[in-house]
Amino acid sequence: MIHSTAIVHPGAKIAEGVEIGPYAVIGENVSIGKGTKIGPHAVIDGWTEIGEANTIFHMASVGAIPQDLKYRGEKTWLKIGNGNTIREFASLHLGTVTGDGETTVGDSNLFMAYSHVAHDCHIGNNVIMANSATLAGHVTVEDYAILGGLCAVLQFMRIGAHVMVGGMTSVPMDVPPYTIITGDRSESRLRGLNLIGLKRRGFSDETISSLKKAYKLLSMSGLKLAEAVEKMKSDVPRCPEVDHFIEFIESSKRGVAR
C-alpha cells in the first residue's frame, strides 16, 4: 500500500504489508520490515534498517546524516527493531565512523513529537522519550527508561534501566538504574528510587528493599563512591537488580549522579 505521491527509490527494500503515505520519501539504502506504517511527508533515508510493525508518523525524519561536522558521508547505519512508535517531527540519525558506526533502537519504544536521537546512540526496549526529549551523540538508554519532556542528555552519558528523568532535566552524568533524576545542569541530582515504576512492573518487595539499601549507600551515606560500592557488596542482599546497580556504577566512565 504505497500512495501514488510517495517517492520510493527503486533500490529500497519494502516488505509485504508496508504502508507508505502521501508524499513520504524513502531512500535507496532503506529496508522496511513487514507491517510497518510510514505516515505522510515522513523521510526515511541513509543506510537504515527498520523492523516489523513499526509506526512512523507524518513529518518524522529517520536516518538523516549526523549533526556531526566530522561526518563525511561514510557508510554508517541506523537500525530499528520491531513495534516502535515514532511520532511527528521526531528525528533519529545515522551513526558515525568515529563512534560505533551505527545508531540502534530496540523494540516497543515510543518517541514522542520532536524527540531527538543523535548519532551513535543505543536505545534498549520499552523506552519512552516524551516531547522534545533530546539525546546528544553516543548516549545509551537501557530498557524501560522514561525521559521527560524537554530533557537534555549530554554526549556519552548512560541512562540506566527503569530510570525516570524529569521534564526539563539536564543529564550531565550517568544515571544509575531504578532511580529518578531531576534538575537543571547545576542542580541535577538523584531524588530517590523510581518506586512507582518498579511496583508497576512487578518488582518484588524483597528486590525493592535491597535496592533501597543500595541507593542509600550511594546517595545518603556520605561515603566516597568506591567505599559505597564496597559496602553494597558486603551489606546489601544480592539479587540480579542489585548486581546490575553495582555493575553500572563500577563501569561508569563519566561519573555517576548521586
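**Reading the terms in a predicted model**

Q: What makes strand 3 and strand 6 (residues 37-38) a pair, and in which sense do they pair?
A: Two strands count as paired if at least two bridges are found between them, and strand 3 and strand 6 are joined over two bridges, in the parallel sense. Strand 3 and strand 6 therefore meet the requirement for a pair.

Q: Why are strand 3 (19-20) and strand 27 said to stand at the edges of their sheet?
A: The open sheet has ten strands in the order 3-6-9-12-15-18-21-24-26-27, with mixed pairing. Strand 3 and strand 27 each have a single partner strand, so one side of each is left without a neighbour in the sheet.

Q: How do you know that strand 11 pairs with strand 8 (residues 47-50), and what joins strand 11 to strand 14 (residues 102-105)?
A: Strand 8 and strand 11 pair in the parallel sense over four bridges, and Trp77 in strand 11 is the bridge partner of Trp47. Four bridges also join strand 11 to strand 14, again with the strands running parallel, and here Ile80 stands opposite Val105 in strand 14.

Q: Which residues of strand 11 make up its covered face, and which its uncovered one?
A: Leu78 and Ile80 form the covered face, whereas Trp77 and Lys79 form the uncovered one. In a regular strand the side chains alternate between the two faces of the sheet.

Q: Why is Arg158 called buried?
A: The word is used for a relative accessible area under 20%, and Arg158 has 19%, so Arg158 is buried. Arg158 is placed in strand 23 (residues 158-159), and among the residues it touches are Thr140, Met173 and Phe248.

Q: What makes the approach of the Arg158 side chain to the backbone oxygen of Phe248 a polar contact?
A: The cut-off for such a contact is 3.5 Å, and a polar atom of the Arg158 side chain lies 2.7 Å from the backbone oxygen of Phe248. The distance is therefore within the cut-off.

Q: Which residues touch the most other members of the largest nonpolar core?
A: They are Val62, Leu135, Leu147 and Met232, in a core of 68 residues. The largest share of this core, six residues, comes from helix 2. Val62 itself touches residues including Leu78 and Ile80.

Conventions: Residues numbered from 1 in each chain as written. Predicted model: local features only at pLDDT ≥ 70, side-chain atom pairs only at ≥ 80, totals over all residues. Heavy atoms only, no water. Core = buried A, V, L, I, M, F, W, Y, C linked by side-chain atoms within 4.5 Å. Buried < 20%, exposed > 50% of the residue type's maximum accessible area, 1.4 Å probe, protein only. Contact = heavy atoms within 4.5 Å. Polar contact = N/O pair within 3.5 Å; in protein donor to acceptor, adjacent residues only side chain to side chain. Lists of a residue's contacts leave out its neighbours within four places in sequence.
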